[in-house]
Amino acid sequence: MTSATVCSNAYIVEGVLGSLPTVALIHPSGAELVVALRGATVLAWRAPWGAGSEEREVRDLLDGYVAESELLAQEATRSGLMLPFANRVAAGTYTFDGVTHHVPPAPGEVGTLHGFVRLQDWELVPGVDAEDSVDGAVSVELATCVQSTDVAGYPFDLETRIRFELTEETLDVTWSYRNVGRLAAPVTAGWHPYFRVPGHATIDALELHVPARATVATDAGLIPLDGEAAREVRAAVGPLGLAGTTLDTAFTDLVPDADGLARTRVLDPATGAGVEVWQERGNMHVYTGDGLGRRARASIALEPVESLTNAFNRPDCAQQVRLAAGEEREFRFGARVIAPREG
């Protein structure tokens, strides 16, 4: 850690992960958020955990990168911000406004997936460092630009900002992006975090609850089937025991609560404790982390995404991904600690 900015009882601490700069946002409760400026990648989210005030200790709730080499290699895309597309683009090729484009895979990756702002360097937005709000939240905001020369096959210009707000029990994210070019652009966003429940070395004893009316049917390459064939109607998921369950699955037609937010939960059924991920729209992609070597099934990816995988190639997503010149869009999502049941 190299330097600190104090705002009321909150702190922003600048540091490094290897040679990569980071910022840590410290809440007066002891909750902490650590973000690498490379990709605005959340490395850690820690919050008070436990049943009573005397028993609560700050625990890790997110399974992020712990070394510079992991982040640079983009191992498992941990906490990756996915933009200008989320998950896969079939064969790396799409057609927009009559022009066909080909986006090559990122270095070291097979297939075109997860966009490329996760590979860019972001910067702190001046004047919005840690600040106390009415509800006790503290926040930090980062920004970057996508230029038409950044990546082959994406000749569009975007400006994007992301604001992380931290309270004792919540991490809320507001992500805005604007088309600063002269032509319309295809854009869709998503986040790829892995969550853990303290006290559990694996996810096998946990339960999953997803408020969805349907799952997305895909081919062997995890590309959704065409048209309505992609939508498999089902009852809302929950509780689904994760022992023996393997998922790399998108859930769609999310059912919101009365406040308009859809909430996915992973819980310890014995205590009721866990983590909740909310989103204002879109789909929820769940990945149980099978095949991730030593970290397989140590955590679960709960990914809020704005649209279906391969949205750039789907007529049913054409208006959803289209961002007119000068237009700005916002995607809001976040996470919350679910405390153990009393008694």
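**A first look**

Of the 343 residues of this protein, 53% count as buried. Please keep in mind that the model is predicted. Its secondary structure comprises 2 helices and 27 strands.

**Overall shape**

- For 343 residues, a compact globule would have a radius of gyration near 20 Å, and the protein agrees with this because its own value is 19 Å.
- Along the principal axes, the C-alpha atoms fill a box of roughly 60 × 45 × 40 Å.
- The accessible surface comes to about 14400 Å², and carbon and sulfur atoms hold 50% of it.

**The open sheet**

- Strands of a sheet pair through backbone hydrogen bonds, either parallel or antiparallel.
- Here, 9 strands form an open sheet with antiparallel pairing, in the order β10-β11-β12-β13-β27-β23-β22-β17-β20.
- The edges are β10 (123-124) and β20 (237-241), each of which pairs on one side only.
- Within the sheet, β13 (residues 170-179) and β27 (residues 328-338) run antiparallel to each other and share 9 bridges.
- To find this pairing in the view, look for Leu-171, which stands opposite Ala-335 in β27.

**Nonpolar cores**

- In soluble globular proteins, nonpolar side chains tend to be buried together.
- The largest nonpolar core has 78 residues, and Trp-45, Tyr-154 and Phe-164 touch the most other members.
- Another core, of 10 residues, lies apart from it and includes Leu-17, Leu-20, Ala-36 and Leu-43.

Methods. Residues are numbered from 1 along each chain as its sequence is written. This is a predicted model: local features need pLDDT of at least 70, side-chain atom pairs count only at pLDDT 80 or more; totals for chains, interfaces and linings use all residues. Side-chain values use heavy atoms; hydrogens and water are left out. Two strands pair if DSSP finds at least two bridges between them. Helices (H or I, at least four residues) and strands (E, at least two) are DSSP runs, numbered from the N terminus. A nonpolar core is a set of buried Ala, Val, Leu, Ile, Met, Phe, Trp, Tyr and Cys residues joined through side-chain atoms within 4.5 Å. Buried means under 20% relative accessible area, exposed over 50%, partly exposed in between (1.4 Å probe, protein chains only). The radius of gyration is taken over C-alpha atoms; the globule rule is 2.2 Å times the number of residues to the power 0.38. Accessible areas come from the Shrake-Rupley method with a 1.4 Å probe; for residues, only the protein chains shown count as cover.
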